[in-house]
Every structure is written in C-alpha cells, then in structure tokens.
Amino acid sequence: MCGIVGYTGPREAYPIIIKGLKRLEYRGYDSTGVALQNGGIKVYKKKGKVAELEDTIVGKNLHANVGIGHTRWATHGEPSDRNAHPHQSASGKLAMIHNGIIENYSQLKNELLKKGYTFKSDTDTEVLLNFIEEIKTNNNCSLEEAVRVALKRVTGAYVILLLDAEEPETIIAARKGSPLVIGVGKGEHFLGSDASPMLEYTKEVVYVNDYELAIIKPDELILKNLGNEKITPYIQKLDLELAAIEKGGYEHFMLKEIFEQPQTIYDCLRGRLDAEAGTITMSGIEQYANQIKNARRIVMIACGTSWHAGLVAEYVIEELCRLNVEVEYASEFRYRNPVIDEGDIIVAISQSGETADTLVAIETAKSKGAIILGVVNVVGSSIARASHGGAYTHAGPEIGVASTKAFTAQLAVLTMIALKIANIKGTISHERYMLLLKELNEVPEKVAWVLKNADKVKKLAEKYKDADDFLYLARGYNFPVALEGALKLKEISYIHAEGYPAAEMKHGPIALVDETLPVVFIATKDAYHEKVVSNMQEIKARKGKVISVITEGDDLSTSLSDDVMIIPEADEIVAPIISVVPLQLLAYYIGVARGCDVDKPRNLAKSVTVE
Ligand code: M6R
C-alpha cells in the first residue's frame, strides 16, 4: 500500500505532487509528506491525510521543479509525524519514499547501529535509506550505483523514489513487488503508484518491472536492471480519462461507483457477449480452450471481495461445466505447500492487480506448471502482467476503498468464462446456454432498476444504523453475496457483521438471535428459496429482525420480513450480480448515517501490497 508521486521538469512540483497524492489516498492515509529540491532538500510531513499537511504548510516557500510525495499506510511504526515519509538520510543529503516492506530491515539496522547510525523513526524505510547512504559514502559512488548495490542485499517488496541534494534534477526509482508508473512528457517526467497523478499531463506511460531501476531527469529516462544493463523503456498509451477518477457530483466515490454499475457491467459485456448470435468472445480465455477443456480442476485465488467473486464462480462453474473448482485465500495458498499439477488452471481474481498475496500465490502456482488466467480490473497491473491469459473486468478506476463495481464486473466476467467453458465442454444444453446469455445481457438494466429504489434502502439504513451486530444469511449462489454484504457493512460502518450459509445458522449463530439483531436474508427466487424461507421463520420465531433481499412479487417472503429490498426476477446464475447491489447501498447509507468516512475507512487501504 502507500501512494507515491514524483515530478521532475519545468513546472512547479508541489501542486502536481499534492494533487497526485489526493488521487492516491485510496492506497493509505495514515500520514503524508513531500520532499522538494529547493536549494537543498526540504521535507514537510505530517500524520493524517493530505489536506492536513496542506493546512500546516501554508505560507512556506514551496517553490521547486523536482520533488517526491508519499501517502502512507503504516506497517513499521505507528502513524505519526516522525514515521511519515519522506525520510532523510543521516547527512540530510538524501530523501526517500517507499511503498512496501523491507523484510530484513532489522539485520540491516543492526549493521548500521554498530557503525554509529541513529534513527529518528521506527520505519524500515529509514534503515534502507541510511544503508544506501553508507554504501554511497564508503564506495564514493553515485546514488544510482549505491541503490543498485543496496537492493542486492534487500529482501522484501518495494518501490522507492530518492532525491539527492547533489543531483537536484534527478529522481532515482526502483521497484520490486509494488507498482510504479512513469509518465513521459515533453521535457518532464511524472511518477506514480498508478497513472492517476499524471492523467492531465501525459497519456504516455512506462510501467516499470520488478528488479528495474530508473534514473529520471526532465528530458531523460534511463531504465536499467540491477546488473547495470540498459533496458529500452516500453512506452504505452493510457486509455483513461480524468473524469473517470473524479466524483462527478456524487458525495462519495463509493456511491458514484455503486451507481456506475449498470454502465460498468455493460462495458464488461460489450464486445464479448452477443446474446442473439450465441457467442462469447474472450481471446485471453480462448487461447487456453484446450487446456481448460482437459483440466482436472480450476483453482481460484484471491483476497477479500475478489475471493467472494471466486466463491460465486465456484458454484456457477461446477453447475454449468461439471468441473471441480476450489477457491483459495491467496494469503493461505502461498504459505502452504499446495498440490498443484502441471496443467491445473489458476484463476487469479483482483481489482487492483497489485495484491501482494495474490501475486506471490500466482508465482507459486506458475512454478508448479499451472496456467494462470487473470481476472483483473487495472490494466497493465502486476497480476495482469504475471498472468498467461485471462480477461479484464473493464469496471474503470475504483477509488472507494470498499469494492463495489469491481465485484459485479468480476461476477460478469466469471459468468462469461463459465458459459464459455460449458459450451466448449458440451456440458450445457443449447437452450440453457442461450437463455443464460440473454439473462446476462439483461443484468445492467436490472441493476439500474434496483438503483432507482436507493432511497428506500436509505430509509432502512436510518432504521438499523444503531445496531451493534448484523447477520447475513443465504444459500447457494447467494451465499457468497451474504459474505460480501457482511464485509461491506464491517468495513464501511465498523458494525460487526457475519455472513453464513443460512443452513449453518442452527449450528451455532442462532444463539445470537434476539429482538435486537437484524438478520439480512438474501432470499431471491431460486432452487433454495423454500429452504431460506424456513430459515426466516426460525429467526422470526426468536424475535430477530428480518430484512430480506427478495424477488419482485414474492409475497411470502415479504410477509415474513420486517423490511424488504426488492430486485427484479433473474435466473439464479446471474442473480448474485443483482442481489449484491442493495447490500452495497445498505452498507453505504449506514456508514454515512454513522458519520464514517466511507471512502477511506479506518485502518484500510485500497491496494494491499504488503503481506
Ligand atoms: O485488489 P484486490 O481485488 O486484489 O483486493 C482484494 C481485497 O483487498 C479487497 O477486495 C478488499 O477486501 C476490499 N476492501 C473489499 O471491499
């Protein structure tokens, strides 16, 4: 996590850096800092969000044409002014920002302590910076050389940006395991954790790869590997507009992103699904058609909301393709010794494409001969590049920390993949295949229908906002939606919430039920409906408050519920893409009603690039 920004060129660096940091705050917001080349290196940093730093440095001389900035998600050392980045080296001549974790920092720190170094912060970053300075001084070499030597000793993940008072126009950058984009302008360069800080200045970008080091001056970009060999930068054109990363009149990014879903799901299907012709075009999947056809199983790896998407896909693929699917938390998978055979298909699901656990899990599976298919939102991200094939979700930039539109786009892509495999394997009848294509095609308008009733969900939020706990229950395809509904509520409103398969309730969670407990059922019309209705009766009998997501016209569920959120009729295979939407709204409105910062919930970051 952490967001990094840099600039070198003829413009004023400070406003570019501050604006860029605001766009990257989704990556962490524990503290903020900038370092500017202004007759020596000047560092300004503060605990808290970017706006708080801005307030404290009003009136300072911030003139500089070169600078770096950082927004932090704390790992080593509490959020505080002194642990905020940039850090300065012992001599004060170097400044550095860092995204990632230096795993062997305590060993390096001990070496430096023996040499008489002292440290002002608790961070691994300050250790690495002084380690670099020690090499530079001892070897009387350039900063570039010192960084290269130092990084050979480092284990862990990093993107680092460094300034050197002796080379005031240059930024040195290096990456392993955390993202770094360099924007190429005319006589200027921009740096960022993603492309958002540079959108209005250039559309030409270079995605720096692991183990690469960049020497960046206003009119020169040199890329090298750690063996000091030059690499030709591969310049790509950005397909991203500024409007996509702005709030567009909504109070929060999360609300904007919830309301974007009819469009984002449509964008995800567009050009791929042709319901009339009965075709699904996904070249990144098609090229592995034979391997998928003959695969023994599919393993989904992901974290958080993306893991929930994997769970829905497990139900759908097993049903339609008669193919064994396992869904793994990437964070567990990578530390086990998982049984992966040559030819196993791994589907890696990730919004950001930068989640460290998922990335390492991919490498583990790759080393055992698996084929990796990425279902990723951020184009050009590390997971997208580490995958053999796959499909982008095309949901556009998701800024709110709670994932919403990325989830529904993941479900849309995974459902298309399931239908494609089922068609290839011949495990689905032509009639059912055609019906499901039509159903999938209709999802955007059904989601739009749900969103028209957002005000009703807002009223429910007012009614239930003071509850201490929530239970979310469902069966079958909607069970992962229960997990997702509970996760959304937890992260946005800090209310404790649990998701369970409805049938599991009687094995323990039912003990929680009393007249104060809201129990949210996802009770849409599907093969499990009668069973879910029985579970509702059990909650009612114990005086729990029943809030249900139901299919339009379901009078029985309505009569058993204290409150309902209605979705239009839809086939059970696509229903999760629709039934999750009222739960996103419920979490959002409860979070707002409780005064929470829904776009930047406490302790969280959008992109989890630490383990
Ligand atoms: O970027 P990814 O999809 O790999 O991220 C995985 C999780 O960190 C993410 O889904 C997280 O759980 C969200 N905050 C959920 O809203």
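Pro86 is placed in the loop between strand S4 (66-72) and strand S5 (87-88). The peptide bond that joins His85 and Pro86 is cis, with omega at about 0°. The model is predicted, and local features are given where pLDDT is at least 70.

**Backbone at Arg322**
- Arg322 is found in the loop between H10 and strand S19 (324-329).
- The phi angle of Arg322 is near 50°, which is a positive value in a residue other than glycine.

**Position of the ligand**
- The ligand takes up the space of the second largest pocket.
- Residues of the shell around the ligand come from both domain 2 (250-441) and domain 3 (454-611), so the ligand lies between these domains.
- At least two residues of this shell are supplied by helix H10 (304-321), and at least two by helix H18 (479-493).

**Composition of the shell**
- The ligand is surrounded by 15 residues.
- The closest of these residues are Ser306, Ser350, Ser352, Thr355 and Glu491.
- By class, the shell holds 8 polar, 5 nonpolar and 2 charged residues.

**Polar contacts and cover**
- Gln351 places a backbone N or O atom 2.7 Å from an oxygen atom of the ligand.
- Thr305 has a polar backbone atom 3.0 Å from an oxygen atom of the ligand.
- In Lys488, a polar side-chain atom lies 3.0 Å from an oxygen atom of the ligand.
- On its own the ligand has 410 Å² of accessible area, and the protein covers 91% of it.

Definitions and conventions
Residues are numbered from 1 along each chain as its sequence is written. This is a predicted model: local features need pLDDT of at least 70, side-chain atom pairs count only at pLDDT 80 or more; totals for chains, interfaces and linings use all residues. Side-chain values use heavy atoms; hydrogens and water are left out. A residue is near a molecule or strand if one of its heavy atoms lies within 4 Å of it. A polar contact is a pair of N or O atoms within 3.5 Å; within protein, one must be able to donate a hydrogen and the other to accept it, and residues adjacent in sequence count only if both atoms are side-chain atoms. Accessible areas come from the Shrake-Rupley method with a 1.4 Å probe; for residues, only the protein chains shown count as cover. On a 1 Å grid over the protein atoms alone, a cavity is a set of points where a 1.4 Å probe fits but cannot get out, and a pocket is an open set with protein on both sides within 12 Å along at least five of seven lines; lining residues have an atom within 4 Å of a point. A molecule sits in a cavity or pocket if more than half of its atoms lie within 2 Å of its grid points. Helices (H or I, at least four residues) and strands (E, at least two) are DSSP runs, numbered from the N terminus. Ala, Val, Leu, Ile, Met, Phe, Trp, Tyr, Cys and Pro count as nonpolar, Asp, Glu, Lys and Arg as charged, and the others, Gly among them, as polar. Domain bounds come from an automatic or database domain assignment.
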